[in-house]
Amino acid sequence: MKSTNLSPYFNALLLVTVFLLGIWVQSSGFVEQFIYYWDEILYLSGHHIKLTLISGSIAILVGVPVGIILSRPSYRKSADVVMQIFNIGTTVPTLAVLALSMSFLGIGDKPAVFALAFASVLPILRNTYTGLLSVPAHLKEAATGIGLTPMQQLMKVELPNAMYVIMAGIRTAFAINIGTVPLAFQIGGTGLGELIFAGIDLYDTPMMLAGAIPTAVLALIMDVILGFVTFLIVSKGVNPNRN
């Protein structure tokens, strides 16, 4: 039986849908209302990115070294216990983590950074640990055979081969971070959550979308950037996207 290619029909339907959506957006005045908040969007996006980068960097500085330590043979027995401790950041609701950090650090960006870093460290730690354990044993044996020290073996053999998995954890952590930063508004953190929650309270849809849409766009941009960084720093033999 001859199959029918439906792709052109789906593409045409998508174009018509986008065209009709554009007409509705223009006629409803949404574009003008969205532009009205442009200055606030730019200002709050800067703070949103700042919170994301600071908390994400802290998560990397904690997650990667701890993952490396846990992957060493003498510490592997402690891995499950340590993982469960950091798993609290993802198991406990984010608002509860924010509230707890506010109790100790007060109101503002400082408790928000702490809570965001704690909530996003687990994917980095777990992927670092898993990536290092998944390095083929024959590569480690070859490194030992040519006289590399444990530190040289880690830097020249294990980390390069585990880097793709580690970067996947970092991308996941930053995606969580960008989507969670708006909640920091609840404890005084600056970000696009100010527009989102103010719009919800005032039942102002354009204000709410003026915060939600840039948040989604920032998440996509960050993922593209980290994907490009992964493409550059992960060697061709390990990165499936370069084969």
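Biologist: Leaving aside its neighbours within four places in sequence, what is L195 in contact with?
Modeller: Apart from neighbours within four places in sequence, L195 is in contact with Y37, E40, I41, L44, M207, M208, A210 and G211. Keep in mind that this is a predicted model.

Biologist: Okay! And which residues have the most contacts inside the largest nonpolar core?
Modeller: Those are I170 and L195, so L195 comes up again. The core they belong to has 35 residues.

Biologist: Which elements give two or more residues to this core?
Modeller: Helix 3 (38-71), helix 4 (79-91), helix 6, helix 8 (150-180) and helix 10 (205-233) do.

Biologist: Where does the largest share of this core come from?
Modeller: From helix 8, which gives nine residues. There is also a second, separate core of six residues, with V97, L98, A184 and I187 among them.

Biologist: Let's go to helix 9. Which of its residues are buried?
Modeller: Helix 9 spans residues 193-202, and its buried residues are G193, L195, I196, F197 and G199.

Biologist: And what do the buried residues of helix 9 pack against?
Modeller: They pack against helix 3 and helix 10.

Biologist: New topic: how many aromatic pairs does a search of the whole structure find?
Modeller: Three. One of them joins Y36 and Y37, whose ring centres are 5.2 Å apart. Their planes stand at 85°, and because angles over 60 degrees count as edge-to-face, that is what we call this pair.

Biologist: Is Y36 buried or exposed?
Modeller: Y36 counts as exposed, because its relative accessibility is 62% and the cut-off for exposed is over 50%.

Biologist: And Y37, buried or exposed?
Modeller: Y37 counts as buried, at 11% relative accessibility. Y37 is also one of the residues in contact with L195.

Biologist: What about F114 and F118, how are they arranged?
Modeller: F114 and F118 form a stacked aromatic pair, 6.3 Å from centre to centre with 5° between the planes.

Biologist: How far apart are F114 and F118 in helix 6?
Modeller: Four residues, so about one helical turn separates F114 and F118 in helix 6 (residues 109-133). In general, an α-helix has 3.6 residues a turn, so residues three or four places apart point the same way. As for accessibility, F114 is partly exposed at 46% relative accessible area, and F118 is partly exposed at 24%.

Biologist: How far apart are L122 and T172 in space?
Modeller: They are 9.8 Å apart, C-alpha to C-alpha, although 50 residues separate them in sequence.

Biologist: On to charges. How many salt bridges does the structure hold?
Modeller: Two. In one, the side chains of E158 and R72 meet at 2.8 Å, N to O. That pair links distant parts of the chain, 86 residues apart: E158 is in helix 8, and R72 is in the loop between helix 3 and helix 4.

Biologist: Is E158 buried or exposed?
Modeller: E158 is buried, with a relative accessible area of 4%.

Biologist: Last one: which residues does the UniProt annotation "transmembrane region" cover?
Modeller: The UniProt record, an unreviewed entry, puts that annotation on residues 51-70, 82-105, 111-129, 162-187 and 207-234.

Biologist: How much of residues 51-70 is helix in the model?
Modeller: That span is 100% helix and 0% strand, with its end C-alpha atoms 28 Å apart. Residues 162-187 are 73% helix and 0% strand, with 37 Å between the end C-alpha atoms.

Key. Residues numbered from 1 in each chain as written. Predicted model: local features only at pLDDT ≥ 70, side-chain atom pairs only at ≥ 80, totals over all residues. Heavy atoms only, no water. Phe/Tyr/Trp six-rings, centres within 6.5 Å; stacked < 30°, edge-to-face > 60°. Buried < 20%, exposed > 50% of the residue type's maximum accessible area, 1.4 Å probe, protein only. UniProt positions renumbered as here; feature names shortened; annotations may be inferred. Core = buried A, V, L, I, M, F, W, Y, C linked by side-chain atoms within 4.5 Å. Contact = heavy atoms within 4.5 Å. Salt bridge = Lys/Arg side-chain N within 4 Å of Asp/Glu carboxyl O.
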